[in-house]
Amino acid sequence: NPTMLIYHSHAGETYSDSPEGNYHSQNKEKSVIEVGTLLTEQLSKKGWGIAHSTKYHDYPDFTKSYISSLETVKSMLNTHKSINIAIDLHRDGRDLNTDADMQKENERMTTTYKGEKVAKFFFVVGMKNTNVDEVQELAEDITKFAQSKYPELVLPIVKKQYGKFNQYMAQNHMLIEVGSNGTSSEEAKASAKYIAEILDEYFKQNR
């Protein structure tokens, strides 16, 4: 019985090694879907039951991404009553018009850890949620925990004043940005094992 849901409101978000369509395409191998697959594998090895949706919610209409992903979340929560943790996995996006822009963004969103170049990550809070206090508290708490373990990997929380991002749907709902369009898919995938370790330890301590 899965207790954790991983899905992608913007499954078409790709990394620097798949720039076609302005870093949005259905190239799964270079996308956040692949990061989600690795995160699923890592958490499964740690004993978690994971439901991973690889549905494209941003195709054919990007503007309806969250309407589409809301239906997926509702369906998954209805099918698996045991799920109380939901993760909407994304990558950050910046306007990158030159090689210098790309290099600067890569420096901002990566670090080297144990000899491996790894993408940084952060949590996003939609401030329009009815349960915004709980969503924000969870993001702050996990960020603090992550910083205690891997301070070089996690960036501060980003608060979106206009957003909900379906974060009112699950008891514990997180929107995580892993890397950006200035990092490669390999750099993003390299951070999955650390995110899995953080989530595993945090939720085992706070069940």
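**Salt bridges and pockets**

Guide: This predicted model holds 11 salt bridges.

Visitor: What makes Lys 30 and Asp 17 a salt bridge?
Guide: Their side chains come to 3.6 Å, N to O, and the cut-off is within 4 Å, so the pair counts. Lys 30 sits in the loop between H1 and helix H2 (32-45), and Asp 17 in the loop between strand S1 (4-7) and H1, so the bridge ties together parts 13 residues apart in sequence.

Visitor: Why is Lys 30 called partly exposed?
Guide: Its relative accessibility is 26%. Buried means under 20% and exposed over 50%, so Lys 30 falls in between.

Visitor: How do you know whether Glu 187 is buried or exposed?
Guide: Glu 187 has a relative accessible area of 11%. Buried is under 20%, so Glu 187 is buried. Glu 187 also forms a salt bridge with Lys 117, with the closest N and O atoms 3.7 Å apart.

Visitor: What separates Asp 200 and Lys 204 in helix H7?
Guide: About one helical turn, because they are 4 residues apart in that helix (residues 192-205).

Visitor: Which residues lie nearest the centre of the largest pocket?
Guide: Glu 13, Arg 91, Asp 92, Gly 93 and Glu 177, out of 23 lining residues. The lining divides into 10 nonpolar, 6 polar and 7 charged. Asp 92 is also linked with Arg 94, Glu 105 and Arg 108 in a network of salt bridges.

Technical notes: Residues numbered from 1 in each chain as written. Predicted model: local features only at pLDDT ≥ 70, side-chain atom pairs only at ≥ 80, totals over all residues. Heavy atoms only, no water. 1 Å grid on protein atoms, 1.4 Å probe; cavity = no way out; pocket = protein on both sides within 12 Å on 5 of 7 lines; lining within 4 Å. Nonpolar A, V, L, I, M, F, W, Y, C, P; charged D, E, K, R; others polar. Helix = DSSP H or I, 4+ residues; strand = E, 2+ residues; numbered from the N terminus. Buried < 20%, exposed > 50% of the residue type's maximum accessible area, 1.4 Å probe, protein only.
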